[in-house]
Amino acid sequence: MRKSVFLIALLIVASSAIAQVSNAGRSVFSFMSLPVSSRINALGGSSVSLSDGDISLGMCNPALLHEKSHMNLQLNYSYYLPGTMFGSALYGHNFGRSKLEKPYEGEGEPDKPNYFAVGFHYLDYGRMQYADYEGHLTGGSFGARDILIDIMYARQLGRLFKVGVTLKPVYSIYESYSSFAIGADVGAHFQTKDSTFQMGLVLANIGWQLKGFYSEMDGTALEMLPLNLQLGFTYRVKHAPLRFHIQLHNLQTWYLNYEWTSREKSPTTGEYVSHSIPWYDMLFRHTIFAFEIVPKSERFYIVLSYNHRRRAEMNLTDQKSLAGLALGAGVKIKQARIGFAISQMTKSNFSYQFGLTLDINSLMK
């Protein structure tokens, strides 16, 4: 119990200290905020409170690693834009006091209370043509890619509480420019005895570049990773196959909008008019809502989610679109789980994600 209280206090103190500088700094490696699996995309881009055995949820919060993720191999492929390739591979392994004699059924503390997983993510932006400042092609092409490794560890503390940490080396190379950084996530998870209510807290992407993309007069410019303090809640209806999710993200800062001006000009000054975002709009930009249909056996799921920030930033004001909405489904077939998600970023751009999870332990029997 004292360890749990200490870890929670440490997380809160770290969150408060880093949040003081998060607003003033710049961040790089924004690709780290992309959903890396179909399940995460279907849930609106993040979920820090749902722990049900899906190993990819550990990328949102390391404390979401689960006893059911033991010896699971997951492969994900994402289609965002033509010419790009975004994929990931993850593997989980649990260890502890003794070997499991039977699958964990949620009663008491697992025989293997230490959860470990490693993930590899790769984003290739494709080939781009060299051009001058006027846009004339000069011949030749270059590439750009991002690579991220997640090394995750979580510890079960009793039946209801878990804590976790992730080490995240990240490397990017754009043409002749490259950068390397080290980041970390620190998270915690709580659930009731019957698992009807779950809560998660995580401080993600703590870290800075060790090698920057460019240099300034006083040396190499080192920037922050995209820090993200998140709090999530998941509630499952006892006597119905329904689950509800509310995720609060980027709690370390209030303002999430970019500076912008409308196309309207002031009749008096002739200048473009600047519009401020109402407080209630800004509040909802910090929230993600998801509704899930999932039976007690958890052999399949159907998810519909809404991300208001994505809607506000990706929606086209003069055209109808489904930006901000995401739909996903998954099914378990013997030792495999298959997932799919679709979301709309703009009027003409849908993103598709596919996931395959294999239970290696069962396949080897």
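R39 is buried, and D52 is buried as well, where buried stands for under 20% relative accessible area, exposed for over 50% and partly exposed for the range in between (1.4 Å probe, protein chains only). The side chains of R39 and D52 form a salt bridge with an N to O distance of 2.7 Å; a salt bridge is a side-chain nitrogen of Lys or Arg within 4 Å of a carboxyl oxygen of Asp or Glu. This is a predicted model, in which local features need pLDDT of at least 70 and side-chain atom pairs count only at pLDDT 80 or more, while totals for chains, interfaces and linings use all residues. Residues are numbered from 1 along each chain as its sequence is written, and side-chain values use heavy atoms, with hydrogens and water left out.

**Salt bridges**

- The structure holds 11 salt bridges.
- Helices (H or I, at least four residues) and strands (E, at least two) are DSSP runs numbered from the N terminus.
- R39 also meets E292 in a salt bridge, at 3.1 Å from N to O. Because R39 lies in helix α2 and E292 in strand β14 (residues 287–293), this pair ties together parts that are 253 residues apart in sequence. Both R39 and E292 are buried.
- E298 and R243 meet through their side chains in a salt bridge of 3.7 Å, N to O. E298 lies in the loop between β14 and β15 (300–307) and R243 in strand β11 (residues 242–248), so the pair ties together parts that are 55 residues apart in sequence.
- R243 is buried, with a relative accessible area of 3%, whereas E298 counts as partly exposed at 27% relative accessibility.
- A network of salt bridges links R39, D52, D54, R236, R243, E292 and E298.

**Backbone angles**

- E298, placed in the loop between β14 and β15, has a phi near 55°, a positive value in a residue other than glycine.
- S195 has a phi near 65°, which is likewise a positive value in a residue other than glycine. S195 sits in the loop between β6 (177–191) and β7 (197–211).
- With a relative accessibility of 29%, S195 counts as partly exposed.

**Aromatic pairs**

- A pair of aromatic rings is described by the distance of the centres and the angle of the planes.
- Rings of Phe, Tyr and Trp (its six-membered ring) pair if their centres lie within 6.5 Å; planes under 30 degrees apart count as stacked, over 60 as edge-to-face and the rest as tilted.
- By this rule there are 13 aromatic pairs.
- The ring centres of Y130 and F142 are 5.0 Å apart and the planes stand at 50°, so this pair is tilted.
- Y130 in strand β3 (residues 114–131) and F142 in strand β4 (residues 137–157) are 12 residues apart, and the pair links distant parts of the chain.
- Y130 is partly exposed, with a relative accessible area of 30%.
- One aromatic cluster is formed by F29, F31, Y125, Y174 and F213.

**C-alpha distances**

- Y171 belongs to strand β5 (residues 161–174) and is partly exposed, its relative accessible area being 34%.
- From C-alpha to C-alpha, Y171 and A181 are 6.6 Å apart in space and 10 residues apart in sequence.
- G139, in strand β4, is partly exposed with a relative accessible area of 46%.
- The C-alpha atoms of G139 and Q129 are separated by 6.9 Å, with the two residues 10 apart along the chain.

**Surface charge**

- K68, R299, K332 and R337 form a positive surface patch.
- Patches are made of residues with over 30% relative accessible area and no salt bridge, with like charges joined within 9 Å and nonpolar side chains (Val, Leu, Ile, Met, Phe, Trp, Tyr) within 5 Å.
- Lys and Arg count as positive and Asp and Glu as negative, while His and the chain ends are not counted. The place of a charge is NZ of Lys, CZ of Arg, CG of Asp or CD of Glu.
- Accessible areas come from the Shrake-Rupley method with a 1.4 Å probe, and for residues only the protein chains shown count as cover.
- K68 lies in the loop between α2 (38–42) and β1 (72–79). At 47% relative accessibility, K68 is classed as partly exposed.
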